[in-house]
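Dear colleague,

I am handing over the structure below, and the notes after it set out what was found. Please read them with the model open beside you.

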Amino acid sequence: IICTGNPQYNTHGAFTGYIGACVDITELKQLQRQKDDFIGIASHELKTPVTSIKAYTQLLESMMRKKGDLKEAGMISKMNVQINRLTMLIEDLLDVTKITSGRLQFHQTWFNFNQMMQEVVEDLQRTTAKHTLIEDFNADTEIYSDKDRVGQVLINLITNAIKYSPDSDEIIIRTAIENNEVQVSVQDFGIGIAQDKIDKVFEQFYRVSGDKEHTFPGLGLGLYISSEIIKREGGKIWVDSVEGKGSKFCFSLPIKARV
Ligand code: ADP
């Protein structure tokens, strides 16, 4: 039960009492739990067949290539791209259920920050012929964090930068060390975000509605998951953006002393 109240005063400013309201949110909580359970079960059930399809199509593609059936291999390769997208959507849904139930696990190790950045950026550069990912890396330091989870944040920010800048071709990725933190920014020159929507983009399932020219696929989970990961790792995540000019997504992570 949630109760809110306001103190009341008479015309002379003397306190006369409280007016309050209490709302029973039991049903709301139950609905929320049912929704979370449904997302968890549905994504778990989807994952098994998709994983199996993926294994077979990958095998099929390499068999076709070996046989020299390049046209067929090309078609299966396109299927694989879509299966990978599907897998990522399912993984995002699974991560959301883990976050809401407090089961998102972290495996922290020491790793070189710039090196991790380079690996992720190299992989992502292969996924786009149109965009050039420009590296300006100045964080040659070891940090103690979950490498895969931090990589996941970077993948989310860079794939968004690619997706939401269909008419420009440069994305600048910077790293720096400041105040005992590593700082990262991913800057694009794409559609940008309106000022009144900017605070909402890190919310679960929030998507800025597309205009007529552009409709972008997605579930509105990548930034929510990214912000939860960064918060759990003791860092901050934020965005500066101008509609029609582009966006700069940034995050920072503490550099812990190695003992
Ligand atoms: P998705 O991209 O799947 O919708 P995200 O959580 O990654 O989900 O992003 C939430 C919303 O924030 C997006 O729907 C989009 O409207 C906006 N957004 C995210 N990144 C960018 C960007 N680089 N440029 C413009 N808008 C963005």
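How do the residues of the shell around the ligand divide into nonpolar, polar and charged? There are ten nonpolar, six polar and three charged residues in that shell, where Ala, Val, Leu, Ile, Met, Phe, Trp, Tyr, Cys and Pro count as nonpolar, Asp, Glu, Lys and Arg as charged, and the others, Gly among them, as polar.

This is a predicted model, in which local features need pLDDT of at least 70 and side-chain atom pairs count only at pLDDT 80 or more, while totals for chains, interfaces and linings use all residues. Residues are numbered from 1 along each chain as its sequence is written, and side-chain values use heavy atoms, with hydrogens and water left out.

The ligand is surrounded by 19 residues (each with a heavy atom within 4 Å of it), and the closest are Asn-160, Tyr-164, Asp-188, Arg-207 and Leu-223. Oxygen atoms of the ligand lie 2.8 Å from a polar side-chain atom of Asn-160, 2.5 Å from a polar side-chain atom of Arg-207 and 2.9 Å from a polar backbone atom of Leu-223. Of the 530 Å² of accessible area (Shrake-Rupley method, 1.4 Å probe) that the ligand has on its own, the protein covers 96%.

Elsewhere, helix H3 (a DSSP run of H or I, at least four residues) spans residues 113–125, and its buried residues (under 20% relative accessible area, 1.4 Å probe, protein chains only) include Phe-113, Met-117 and Leu-124. Seen down the axis of H3, the buried residues fall within an arc of 160° (taken from the directions from the helix axis to the C-beta atoms), so they line one face of the helix.

Note on methods
Polar contact = N/O pair within 3.5 Å; in protein donor to acceptor, adjacent residues only side chain to side chain. Helix = DSSP H or I, 4+ residues; strand = E, 2+ residues; numbered from the N terminus. Expected span 1.5 Å × (residues − 1). Buried < 20%, exposed > 50% of the residue type's maximum accessible area, 1.4 Å probe, protein only.
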